[in-house]
Amino acid sequence: MVRRNVPILGLPDLIINLDNRPAYIIELKTIGGPAGLGSVKGRDVLQAESYFHMMNYLGLNPRGVAIIKVIRGSDFRIINNIDIIIKQLEGGEDFVRLSKYVTIHRISIRGFDEFLRDVDYAIDYWLGLRNPKPSPSRGLCSGCEHRRYCPYSIVR
């Protein structure tokens, strides 16, 4: 997809086909520990949602999108659990814990115009047309080169 002369590229981690048509788009996120299994970040949702809208644009009309979070080092393999994943996605729940190492987050797809507003907001940042918004968090602030003088830093 090209928006405002900016190419937006990406590939979903997995597309599950049913009846010889793309049905579900899966974005896989590996994480370090169980604390992150219960939530998804906005940027990850936007990424997964972009795949849905791009596939719709191509006329492929998938049924839905999900983010599967897996704790790094677990022995869970998506390819070995496709039937369970499909069953959960078709069950309609927004959040399913498959095991203590794996969760499925069904993504609610917004309308295309609302999605494009977020894309344009991100593009404004990347083109230098707006400043970043502060996102104070221990993980982000500790790796930031501005942490010593940023008024929002929580790791000074």
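Modeller: Start with glutamate 27, which forms a salt bridge with lysine 29, the closest N and O atoms being 3.4 Å apart. A salt bridge here is a side-chain nitrogen of Lys or Arg within 4 Å of a carboxyl oxygen of Asp or Glu.

Biologist: What kind of model is this, and which values can I use?

Modeller: It is a predicted model, where local features need pLDDT of at least 70 and side-chain atom pairs count only at pLDDT 80 or more, while totals for chains, interfaces and linings use all residues. Residues are numbered from 1 along each chain as its sequence is written, and side-chain values use heavy atoms, with hydrogens and water left out.

Biologist: Is glutamate 27 buried or exposed?

Modeller: Glutamate 27 is buried, at 3% relative accessibility. Buried means under 20% relative accessible area, exposed over 50%, and partly exposed in between, with a 1.4 Å probe and protein chains only. Lysine 29 is also buried, at 17%.

Biologist: How many salt bridges are there in the whole structure?

Modeller: The search finds 9. One of them joins aspartate 124 to arginine 4, at 2.6 Å from N to O. That pair links distant parts of the chain, 120 residues apart: aspartate 124 is in helix 3 (residues 112–126), and arginine 4 is in the loop between strand 1 (2–3) and strand 2 (6–7). Helices (H or I, at least four residues) and strands (E, at least two) are DSSP runs, numbered from the N terminus.

Biologist: Which residues are in a network of salt bridges?

Modeller: Arg3, Arg4, Asp120 and Asp124. Of these, aspartate 124 is partly exposed at 23%, and arginine 4 is partly exposed at 36%.

Biologist: What does arginine 63 pair with?

Modeller: Glutamate 90, with the closest N and O atoms 2.6 Å apart. Arginine 63 sits in the loop between helix 1 (42–57) and strand 5 (64–71) and glutamate 90 in helix 2 (residues 82–91), so the pair ties together parts 27 residues apart in sequence. Arginine 63 is partly exposed at 48%, and so is glutamate 90 at 43%.

Biologist: On to the cysteines. How many disulfides?

Modeller: The search of the whole structure finds 0. A disulfide is a pair of cysteine sulfur atoms within 2.5 Å.
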